[in-house]
Amino acid sequence: MKLSRALSAVFHPCLLPIYAVVTVLFTDTIYSFYTVRVKFYLIWVVVLYAAFIPMLAYLLFKRLDGMSRMAIDRRRLRMLMLMVGAVCYMLCAVTLLKLPSLLLFRKVATAAVMCELFCILTTRRWNVSLHMAAAGAVTALFAMLNIVGVASLFWPMIAIVAVSGALASSRLCLGRHDGWEVLAGFVGGFLVGSLSLLYI
């Protein structure tokens, strides 16, 4: 149980985009030739919009949840956080417009927006795993970069598939989702991420 909680925390949906960007920038890809200044600018922007602002929003919502007049149930909190995430990734894509050479990373931010919208649409009727949706989207990113030949991310892709399996097991072990919700999250994230990277 402790291991499952640790895996869910270490590979949280807010952190996976950061890991993905760092991997692309510091492994055998054409993006590894960016200057150190550009790399750290990218990482700072992703940390700000993927983790820092959503974390502040979560703390605010939890504080409001402690006030009887502003009680927020779990499903509503999930929906609010998904909307915050979608807005943050849109702002991330807009911020990256400043440097034309960052097209891939703008597409990644846009793909993240699409994944957030996918989760928003399914949340009303189905508790799809957000962890698995994020893992599926990162898997799609690494797969696409390998296919188009701009990166050699075979081992990172193997690693994210292994992480996805461990995450799926942890979410099931914690009782957060059933098998179909875990599968739907990964497949949905992979398909939405792939289509967004290809066509947006």
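Visitor: Is Ser164 buried or exposed?

Guide: This is a predicted model, in which local features need pLDDT of at least 70 and side-chain atom pairs count only at pLDDT 80 or more, while totals for chains, interfaces and linings use all residues. Residues are numbered from 1 along each chain as its sequence is written, and side-chain values use heavy atoms, with hydrogens and water left out. Buried means under 20% relative accessible area, exposed over 50%, and partly exposed in between, with a 1.4 Å probe and protein chains only. Ser164 has 5% relative accessibility, so Ser164 counts as buried.

Visitor: Which backbone oxygen does the side chain of Ser164 reach?

Guide: Ser164 lies in helix H7; helices (H or I, at least four residues) and strands (E, at least two) are DSSP runs, numbered from the N terminus. A polar contact is a pair of N or O atoms within 3.5 Å; within protein, one must be able to donate a hydrogen and the other to accept it, and residues adjacent in sequence count only if both atoms are side-chain atoms. At 2.7 Å, the side chain of Ser164 reaches the backbone oxygen of Ile160.

Visitor: Which residues does Ser129 touch, not counting residues up to four places away in sequence?

Guide: Ser129 sits in the loop between helix H5 (103–123) and helix H6 (130–148), and its relative accessibility is 0%, so Ser129 counts as buried. Its side chain reaches the backbone nitrogen of Met132 at 3.2 Å. Contact means heavy atoms within 4.5 Å. Leaving out residues up to four places away in sequence, Ser129 touches Arg171, His177, Glu181, Val182 and Gly185.

Visitor: How many residues of H2 are buried?

Guide: In H2, the buried residues include Leu16, Ala20, Val24 and Leu25. H2 is largely enclosed by the rest of the structure because the number of its 11 residues that are buried is eight.

Visitor: Is Tyr19 buried or partly exposed?

Guide: Tyr19 is found in helix H2. Not counting residues up to four places away in sequence, Tyr19 touches Val10 and Phe11. Its relative accessibility is 34%, so Tyr19 counts as partly exposed.

Visitor: What is the area of the nonpolar surface patch that includes Met55?

Guide: Met55 lies in helix H3 and is partly exposed because its relative accessibility is 42%. Accessible areas come from the Shrake-Rupley method with a 1.4 Å probe, and for residues only the protein chains shown count as cover. Val47, Phe52, Met55, Leu56, Tyr58 and Leu59 make a patch of about 530 Å².

Technical notes
Patch = residues over 30% accessible without salt bridge, like charges linked within 9 Å, V, L, I, M, F, W, Y side chains within 5 Å. Salt bridge = Lys/Arg side-chain N within 4 Å of Asp/Glu carboxyl O.
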